[in-house]
Amino acid sequence: MPERSSRRRARGAGALLAAAALAGAAALTGCSGDGDASPRSTAGARSPSPTPLWDVSPASVAAVGDSITRGFDACSVLADCPEVSWATGTDAGVRSLAVRLLGPSKAASHSWNHAVSGARMAQLPEQMVMAAKERPELLTVMIGANDACRDSVDLMTPPADFRSSFEASMRQLRASAPKTQVYVSSVPDLKRLWSTGRENPLGKQIWKLGICRSMLGDADDMGAAAVARRDAVQERVVAYNEVLRDVCARDERCRYDGGAVFDYRFTGEQLSEWDWFHPGRDGQARLAEIAYRNVRAAAPPA
């Protein structure tokens with residue numbers, strides 16, 4: 001009996017030593033019994049829960065960008081219509097990103113639209129200054145179409161300048177609003193919009209007023225020079241989207257749409273009934289759907 005009791009005591013001591021070793025290892029690796037692998041303080045004080053870098057339920061929304069975010073030509077010819085904006089509009093049919101995130105009543109008081117029709121990337125830093133003053137929890141960015149939509153391909157913004165202005169815009173925002181989340185939309189596929197819109201005779205007449213001449217000029221010309229011109233615009237838009245992706249990826253609170261807007265195939269029913277180029281009400285609603293899906297996703301688009 002004494003020998004058996006000694007063996008039991010030895011086994012008990014061994015189990016205690018093993019438990020102590022496991023506890024020590026758990027403390028070093030930050031593991032807890034419930035599987036939580038987050039780091040633990042070694043100083044004895046309780047660490048606060050970390051704030052997620054991407055909140056899928058922001059409480060306020062601001063928007064910067066160009067004519068698309070202003071709802072240009074969506075309600076009447078050659079005029080802004082911000083109430084149908086995909087980002088911050090209040091139109092019940094569109095159900096903007098702000099409405100989907102905040103609800104109709106709060107969207108009216110907790111969203112701001114600082115986009116300017118005709119704006120190019122070079123003008124984005126000043127829009128960022130205005131948006132930062134609102135301290136929004138989420139800021140949407142859609143800009144770049146006007147950098148490619150020039151009177152000629154030679155006047156399109158060089159990708160290096162586009163990058164420099166976007167980087168300056170992000171620095172401007174971060175100087176005043178370091179925790180604002182930024183959702184960046186890709187530039188739409190202008191060539192696809194040309195291909196869809198040129199089916200409408202009225203739209204082509206509006207194009208002759210000077211809308212996006214680099215892509216839409218001589219809309220029915222299928223000669224080699226015209227094809228090369230449109231291809232050059234397309235290549236520039238692709239380059240702009242690569243810049244947006246790259247610069248956004250360097251900011252931990254920035255999310256690029258993964259090319260979702262560029263890839264979206266707008267139909268004639270989703271384009272402006274006046275210019276057949278800008279999104280109409282239905283097109284704005286589709287943009288809102290894309291944005292909401294990406295903002296609410298647990299992870300950014302691949």
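Residues are numbered from 1 along each chain as its sequence is written, and side-chain values use heavy atoms, with hydrogens and water left out. Because the model is predicted, local features need pLDDT of at least 70 and side-chain atom pairs count only at pLDDT 80 or more, while totals for chains, interfaces and linings use all residues.

**Stop 1: the central strand**

Select strand S3, residues 138-142. Helices (H or I, at least four residues) and strands (E, at least two) are DSSP runs, numbered from the N terminus. Five of the five residues of S3 are buried; buried means under 20% relative accessible area, exposed over 50%, and partly exposed in between (1.4 Å probe, protein chains only). In a regular strand the side chains alternate between the two faces of the sheet. In S3, Leu 138, Thr 140 and Met 142 point one way, and Leu 139 and Val 141 the other way.

Two strands pair if DSSP finds at least two bridges between them. Ala 63 has Thr 140 of S3 as its bridge partner.

**Stop 2: the disulfides**

Select the cysteines that form the three disulfides. A disulfide is a covalent bond between the sulfur atoms of two cysteines; the criterion applied is a pair of cysteine sulfur atoms within 2.5 Å. With bonded cysteines counted along the chain, the pattern is 1-2, 3-4, 5-6.

- Cys 75 and Cys 81 are joined with an S to S distance of 1.9 Å. The torsion about their S-S bond is about -70°, so this disulfide is left-handed. Cys 75 is partly exposed at 23% relative accessibility, whereas Cys 81 is buried at 3%.
- Cys 149 and Cys 212 have their sulfur atoms 2.0 Å apart. This pair links distant parts of the chain, 63 residues apart: Cys 149 lies in the loop between helix H5 (145-148) and helix H6 (159-176), and Cys 212 in the loop between helix H8 (201-207) and helix H9 (213-216). Both Cys 149 and Cys 212 are buried.
- Cys 248 and Cys 254 also have their sulfur atoms 2.0 Å apart. Their S-S torsion is about -115°, so the link is left-handed. Both Cys 248 and Cys 254 are buried.

**Stop 3: the aromatic pairs**

Select Phe 162 and Tyr 240, which form a stacked pair, 4.1 Å centre to centre with 10° between the planes. Rings of Phe, Tyr and Trp (its six-membered ring) pair if their centres lie within 6.5 Å; planes under 30 degrees apart count as stacked, over 60 as edge-to-face and the rest as tilted. Phe 162 is in helix H6 and Tyr 240 in helix H10 (residues 224-249), 78 residues apart. Both Phe 162 and Tyr 240 are buried.

Move to Tyr 264 and Phe 266, whose ring centres are 4.9 Å apart with planes at 75°, so the pair is edge-to-face. Tyr 264 is partly exposed, with a relative accessible area of 24%, and Phe 266 is buried, with 7%.
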